[in-house]
Amino acid sequence: MIKVSKFIVLFLIFVDIILLGYILIGNSNISVLNPQGLIALKERNLIIIATLLSLAAVVPVFILTFLFAWKYRENNSKAKYDPDWDHDTKLELTWWAAPFVIILILAVITWKSTHELDPSKSINAGTKPITIQVVALQWKWLFIYPEQNIATVNFIQFPDRTPINFELTADAPMNSFWIPQLGGQMYAMAGMGTHLHLMADAPGEFAGSAAEISGRGFSGMKFVARTSSQADFDAWVQSVKESQNKLDLPEYNKLAAPSENNPVVFYASAEEGLYNKIIMKFIAPASPDASQGGPSGGNMHMQGTEH
Amino acid sequence: MMAFIFGKLTFAALPHQWYTLGATFSIAVGGLGIAVILTYFKRWKWLWKEWLTSTDPKKIGVMYIVVSSVMFFRGGIDAGMIWLQQALSAGGSHGFLTGSHFQQIFTAHGDIMVFFVTMGLLFGLINYVVPLQIGARDLAFPFLNTLGFWLYVAGAALINLFFVLGGDFAATGWLAQAPLSELQYSPGVGVDYWIWSLQVSGLGTLLGGINFLVTILKMRAPGMTLMKMPLFVWTSLCSMVLVISVFPILTVTMGLLFLDRFAGFHFFTTGFGGNAMLYTNLIWMWGHPEVYILILPAFGVYSEVVATFSQKRLAGYVSMVCATIAITLLALLVWLHHFFTMGAGADVNAFFGMMTMVIAIPTGAQVFNWLSTMYKGRIRFFTPMRWFLGFISTFTLGGMAGVMMAVPPIDFQVHNSLFLVAHFHTMVIGGALFGIFAGLTYWFPKVMGFRLNERLGRYAFWCWIVGFFTSFVPLYILGFMGATRRLDHYDVSTGWQPLFMVSAAGLVIIACGVSLQIVQVVVSIKQRKQNLDTTGDPWNGRTLEWSTVSPPPFYNFAIIPKVASRDAFWEMKQNKKSKQEKMQYEDIYMPKNTAMGIYVAGFVFLVGFALVWHIIWLAVAGLLGATICVIIRTFDEETEYVLPAAEVAKIEAGRNTNG
Amino acid sequence: MYCRPPKSRKLKPGEIQMDKHDNNDKTIFGFWVYLMTDLVMFAALFATFAVLRNNTFGGPQAGELFSLPFALSETLILLTSSFTCGLGILSARSGDKNKTILLFASTFVLGTAFLAMELSEFSHLISEGNGFQRSAFLSSFFTLVGTHGLHIAAGLVWMGILIVRILKRGLTDSVLRKLTLLSLFWHFLDIVWIFIFSIVYLIGVI
């Protein structure tokens, strides 16, 4: 009796999982499965393909497990008992070969898709791309638009159907920049520049988050990515240029100090070459003119001589 | 002057927060309680002579399991606090934990569960079972065995010490990624506690790895070639190969981090040329093989359990051995899949992704071999077999998630999300922990001499499996909803809270399962007289451990068996061979007890403690003490004693008349 | 009830002890396994050095800091010590106590000389401001070479103890086993040094 109920329960669990599949595909709150951007769309399709391929192996395993557990239970006198049977070469070959084939297919897909969806690969969409430089700080995101010469904290806006080139670095412990509805994440690390290319399908507002722990306040390190039409974007850039704040070096040093749950801030202009300066201060000692008590670079120097 | 004597230690390090006070209180009460019981029953000398200074791997194995079980409760309480915080902390509410405290809890949870619970339980099982299964009396190096155990205990003491002195643990995640773990971003002693508790216990693990490897390769009974060993021995061997291959990397990485923090070196700092990605590579070169170290012995347990409870030979022995070796080698070639999102470039990412998926092939072959062991068997559904079926149900799904994440572009969308968290918990709980439970319930009669209550075991299993799915399926969904891991707070608008609450309910069910397991042990002890294992072979087993009495005599085998085939004991039973062909006993040399392991580990504990607090004189003293103890030990030429043949005969005869 | 196990006895010349429990075989094999773990540790340090060797943070590179003749002398000293160590084992196996002590004492002296040279190189670098805190490159150099030096120091302590034991108890089979382990350790360190010399000094300077 107990054994019957066990099989029923396990079977129900299995069915639940299948049902979940339906729920997941439909629910719009499930960002990864409801992409709003080109990259995320391709990544979602990959998820579906990989799931189906794996199920080709997993489903037989489940069926066989329940079947054998049921049929060959001890008090089933009808089942044949063959205690010395322990080997069949044909079967062995089958269950080494079948997963091998599935993995081979998946491996080919992996090779192609990894190259196609390489985050540092630019997106060709006909429209001129926009560059946004991302600096992960403790515990907020600084965004610099080098071509427009504006900067923002915890908010970005860009036109839809336009490729965005993100260049990422950090002035903080490693972090990870992620807008799930638009595509996969990319790490932002001090002393290095990484690249991510995304593109949104249509106007909308998307949640962005920090996916790598970087200290006490990292859970508040959220940002908003808004896409709009080109005209709206230009208007927005104009409005940012009219704000009172300027992101010069002293202002940057203040910003880089640890703070949590920062509100959105707009800067009408940014220090020239700020992004590169932030990277370089970790690679070579700060030269007198650039540093001006540059935050961590200056601190680093003091840290090193402390001991 | 004070700084010289006490280093960085000040009165501020004494417990003054609610959780440090609570933990210190529990430790004190627990310790006092044990001391009172021991004094009341006058068992101090017994404890010292019979257990603490023992070199018997059976005793050491039991001690590993006891200490690991205690650490399991701490890790479990940590898990409960994580669940509760995440279920409550949405929108206006911020739960009951501060961000930094929450981060310390999940860091401790991960380290305790991996290093002190899973590794400890597995080392316990391997210590007890492997010598019996290969027909040996002991491990190759009995002193290293006790030293390794006590180093493990010293590490466990260090990871709990911060409650009493220091108040802060690392808040960096279980692997203390640089540069977050550097002094600049983690200025307290937390990361130093992390480093030294793991260095000390890691040293114990490495010694154990060398010990088990040499034992399996050099001390098998005559006739037991490698291809006649039980699968549990094979998987333990391969797991230990991984241990000796990669634990030195962990030692180096943590050592370099400590040099950065302690002496101003610049390996992983954010300036002066430090390279944090180097830390990531090194730590995962250790970290990925580590999870295979955890899973391989569990696979070995499943092989034993499936064969025994299907009353049939394990199918495809050669194939299983090849699969195990393949997994061992592949484990060393996939570490980059832990950081596809670091921008390594498509060629590198694709290579590691493909290598990662390849592991599914030998793993799948193993699953199919287990299933064909069940085919045309006569399956008895005792608790160990249930755990195996629970493993199949969970591990295959978790493995599916893993194969998915092995595709780098997919990983870009799920890395560091709760999808990842659900995946690895499925593997560790569904794979390793269920395997440990199967092993513990399978070998319990051998260790204790009586059987476990089956009904309670059944109920515990069901609670675990239902609780597991209730806890972790929501996490898979949350991952797809964009929920990242390690968040101490999130917005209500994300819609995540209901799923977190379902997950928390799952933990309650698991807690019921754990309670039932405790009750099971208590009840079984009370009912032991009715459930005595009189034959030594309660399951009609196939391997050599079942040929001894339960529990086995301290020398395991009065006469070392001669082995002619796989499933050596089964063959003996079929051929109706008597367990001793000739009653010709010989003198047996057994290792003496020794307290040196405790002393050396005690000094090493002091070194770790001193380095955390920068108390240089104490570190030097501890190092000297440990070295001198080791040197004294090497001068000791009389580490064995002889059990004369007549004495052996007497013990065996006494058992035969009683049994 | 428990008798004492047989005491160690002196070996006849040319005799190699086969222990009742084949302790030699197990112990020596186990020590090889330990040496392999030590090798993995050094490999990790080499990998670290390789990654960080150009991260000088604006400071001097290897070529400007290291003296090849100096490193070559260290190498020759260590190689010679390996040679005397090997000869020492041979004479131990043939039972010649005095020759064994002489040869291992020579090994000890050479090893100490090596260590002294290394320490002087370190203190020279530090006094010039090129210590381990200067840059990642220097951190990794000091750690790799320093770890090797620590192993040499440990080997010297071990050697000293064994020389004393030979003086006191002669060439028993247990002492011979320990000498074998020590010589394995010493040769292993010599091999690691060859790699250090090649990768750190030669490639760095040339």
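Predicted model: local features only at pLDDT ≥ 70, side-chain atom pairs only at ≥ 80, totals over all residues.
Begin with chain C. It has six helices and zero strands. Read from the N terminus, its elements run α-α-α-α-α-α. The chain holds 206 residues, and 51% of them are buried. Now look at which residues touch each other. The accessible surface of chain C is about 9200 Å². Carbon and sulfur atoms account for 68% of that surface.

Next, turn to where chain C meets chain B. Chain C brings 41 residues to the contact, and chain B brings 39 residues. How big is an interface? The size is often given as the accessible area lost when the parts come together. For chain C and chain B, the buried area is about 3600 Å². Carbon and sulfur atoms give 70% of that buried area.

What polar links cross this interface? Eight residue pairs are in polar contact between chain C and chain B, counting pairs with both residues at pLDDT 80 or more. Three helices of chain C each supply at least two residues of the side that touches chain B: α1 (23-52), α5 (136-169) and α6 (173-205). Helix α1(C) gives the most to that side, with 15 residues. Sort the residues on this side of chain C by kind, and you get 19 nonpolar, 13 polar and nine charged.

Charged residues bring us to salt bridges. Side chains of opposite charge can pair when their charged atoms come close. Between chain C and chain B, the count is one salt bridge. The partners are C:Asp25 and B:Lys218, and their closest N and O atoms are 3.2 Å apart.

Step back to the whole structure. It holds 16 salt bridges over all chains. Another one pairs B:Arg313 with A:Asp86, with 3.1 Å between the closest N and O atoms. Where do these two residues sit? B:Arg313 lies in the loop between α9 (276-309) and α10 (317-331) of chain B, while A:Asp86 lies in the loop between α2 (38-71) and α3 of chain A, so the pair joins two chains. B:Arg313 has a relative accessible area of 23%, so it counts as partly exposed.

Now stay inside chain A. A:Asp171 forms a salt bridge with A:Lys281, and the closest N and O atoms are 2.7 Å apart. A:Asp171 is in the loop between β5 (164-170) and β6 (175-179), and A:Lys281 is in the loop between α6 (274-280) and α7 (288-291). The pair therefore ties together parts of chain A that are 110 residues apart in sequence.

Compare the salt bridge between A:Lys277 and A:Glu271, at 3.2 Å from N to O. A:Lys277 counts as partly exposed, at 31% relative accessibility. A:Glu271 is also partly exposed, at 24%.

Which residues does A:Ile109 touch, leaving aside its neighbours within four places in sequence? They are A:Leu46, A:Ile49, A:Leu53 and A:Thr114. A:Ala50 is 59 residues from A:Ile109 along the chain, and their C-alpha atoms are separated by 9.1 Å.

The other stop is B:Thr363, in helix α12 (residues 360-374) of chain B. B:Thr363 is buried, because its relative accessible area is 16%. A polar atom of its side chain lies 2.7 Å from the backbone oxygen of B:Ile359. Beyond its neighbours within four places in sequence, B:Thr363 is in contact with B:Phe299, B:Ile327 and B:Phe395.

Key. Residues numbered from 1 in each chain as written. Chains lettered and ligands numbered in written order. Heavy atoms only, no water. Helix = DSSP H or I, 4+ residues; strand = E, 2+ residues; numbered from the N terminus. Buried < 20%, exposed > 50% of the residue type's maximum accessible area, 1.4 Å probe, protein only. Areas by Shrake-Rupley, 256 points an atom, 1.4 Å probe, with all protein chains shown as cover. Contact = heavy atoms within 4.5 Å. Buried area = accessible area lost by both parts, 1.4 Å probe. Salt bridge = Lys/Arg side-chain N within 4 Å of Asp/Glu carboxyl O. Polar contact = N/O pair within 3.5 Å; in protein donor to acceptor, adjacent residues only side chain to side chain. Nonpolar A, V, L, I, M, F, W, Y, C, P; charged D, E, K, R; others polar.
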